[in-house]
Amino acid sequence: MADEARLAEHARHNGGSEDGSLRARLPTLNGISRAGGGVVSAGRGAAGGIAEEVRRRLQRRLTANLDDRDPDYIRENLALTWLLTTVWFRGEVRNLGNVPEHGPVLLVANHSGGNMTPDTLLFTLAFYTYFGVERPFYQLAHNLVLASPVGQILRRYGTVTASPENAQRALDAGAALLVYPGGDWEVHRPVWERNKLDFAGRKGFVRLALDAGVPIVPVVSIGGQETALFLSHGGRLARALRVDRTLRLKVIPISLALPWGLNVGDLLGHIPLPAKLTVEVLAPIDPREQFGEQPDVDEVYDHVTTLMQETLETLAAERRFPVVG
Amino acid sequence: MRLNESIVISAPPKLVWDYLAEPSNYLHFMSGITRWEVAGEQRTGLGARYRMLIRVGSAEIGGLIEIVEWHEQRDMAWSSVLGVDQRGRWRLRELDDGRTRVEFRYAYGVAGSGIPGWIAELVSAPQLGGHLRRSLRQLKSQVEHERLRAEAARRRGDRAAAAG
């Protein structure tokens, strides 16, 4: 992995071993001491080693690789996920048979529900019970999600850091890959936009599908944005605090949610309201088959988002009341 | 969790068995089943494998199953190969009056899922029990209809033979 190679290079530059571990650096430190580098030099070396170890661990928390997915763990936790999605969210997933039985596929979904993302929970359960935990399935997530306390669990479910490299690697491995182009922007949209698809013009998924030569399967969910009273993305606040540059966070969401009341940032999550969730899987789209050998990215993007918006509106028309469904 | 339902069908065991042994019938009479496909070369009999899914709560649950017991007109049992742990059995017994008592046994769970798994089994039991009861009622209706059709066809044949 590129990150690992960079770390190894960094570790070598600092005189450590490729894994950069403190234990591996001890001989180097001893050597420096014996050569008469003095206590100060040794101290600096040790501090550097500890800093490197902290950095390595932090980097590990911020990244995940495909091998972290643990089918046994997923299988043993299907019951808990089923309970949550059945009893609390009254979840329903339709037309999973639209996902090709074998081979790599790019699942493109809208995202709702703030940091609790109940739509991911439901779709992941449905995918694993339908195709079995043996089928490789990965989800892309913001690196801060993986750094959070639930990051360890998500890794075992197949969640990896959102990056073009990870996406390509998953598809190259023949896996199904779930992406949320709207990401942190869409998931925190205000509640009055709950029936609106908002990918914020992010078209990377189209390029990814074209580069990998895989079909796009749109996945549309509804109900997630009714699990709290989402008031604002907080985009301006994020820019003012510069977290858009430092932490890749485009939003600092503001909502009314349990148990906090006014919830700014949603960093600790919230207790989602038991809104009924419905997910519909649409028929696969082969961009080259449908738009020619050199498809126009904008055209494919418009086609996919229009289809998804129409489906979202159809699902919205089925709902009689918010939360109740 | 173990579930057990039974019904008496006004047809001989052979007719019931023939209906149960045909995999394409399962989508017609099994309640909640969304998939029942032959997996592999062998279509029926001991060792045949099927990919099955049944809608329970928020998900379609099932996996790959294999026929592990096959005693013609008496017992057919399957066990899971992949997916949730499950074991099912059709138990056919002929009554004195020529009718057939059909018992459907179904045991399921996920090993290692602990207390949530135990609660999930309890929560899903009423829905699965309902599926089992409806499946048996539909099986009875289909097989008895088959029997009536077969008898009508035989009578037509007899009449045609007598006239000819």
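User: If two residues are in contact when their C-beta atoms, placed from the backbone, lie within 7 Å, what percentage of the contacts in chain B between residues at least 6 apart in sequence join residues at least 24 apart?

Analyst: This is a predicted model, in which local features need pLDDT of at least 70 and side-chain atom pairs count only at pLDDT 80 or more, while totals for chains, interfaces and linings use all residues. Residues are numbered from 1 along each chain as its sequence is written, and chains are lettered from A and ligands numbered from 1 in the order in which they are written. For chain A, with a separation of 6 or more, residues 24 or more positions apart account for 73% of the contacts. For chain B, among contacts between residues at least 6 apart, the share joining residues at least 24 apart is 47%.

User: In what order do the elements of chain B run from the N terminus?

Analyst: Chain B has 3 helices and 7 strands, where helices (H or I, at least four residues) and strands (E, at least two) are DSSP runs numbered from the N terminus. Along the principal axes, its C-alpha atoms fill a box of roughly 70 × 35 × 25 Å. Read from the N terminus, the order of elements in chain B is β-α-α-β-β-β-β-β-β-α.

User: Which element gives the largest share of the side of chain A that touches chain B?

Analyst: The contact draws 22 residues from chain A and 17 residues from chain B. On the chain A side, the elements giving two or more residues are α4 (71–76), α5 (78–88), β1 (92–94) and α6 (118–131). The largest share of that side, 8 residues, comes from α5(A).

User: How is α5(A) oriented relative to α3(B)?

Analyst: With axes as lines fitted to C-alpha atoms over the stretch in contact, and angles running from 0 to 180 degrees between N-to-C directions, α5(A) and α3(B) (residues 114–163) come within 8 Å and cross at roughly 45 degrees. Because angles under 35 degrees count as roughly parallel, over 145 as roughly antiparallel, 65 to 115 as roughly perpendicular and the rest as oblique, the relation of α5(A) to α3(B) is oblique.

User: What percentage of the residues of chain B count as buried?

Analyst: A residue is buried if 20 or more other C-beta atoms, placed from the backbone, lie within 10 Å of its own. In chain A, which has 325 residues, buried residues make up 42%. In chain B, which has 164 residues, the buried share is 26%.

Notes. A residue is buried if 20 or more other C-beta atoms lie within 10 Å of its own, exposed if 12 or fewer, and partly exposed in between; C-beta atoms are placed from the backbone.
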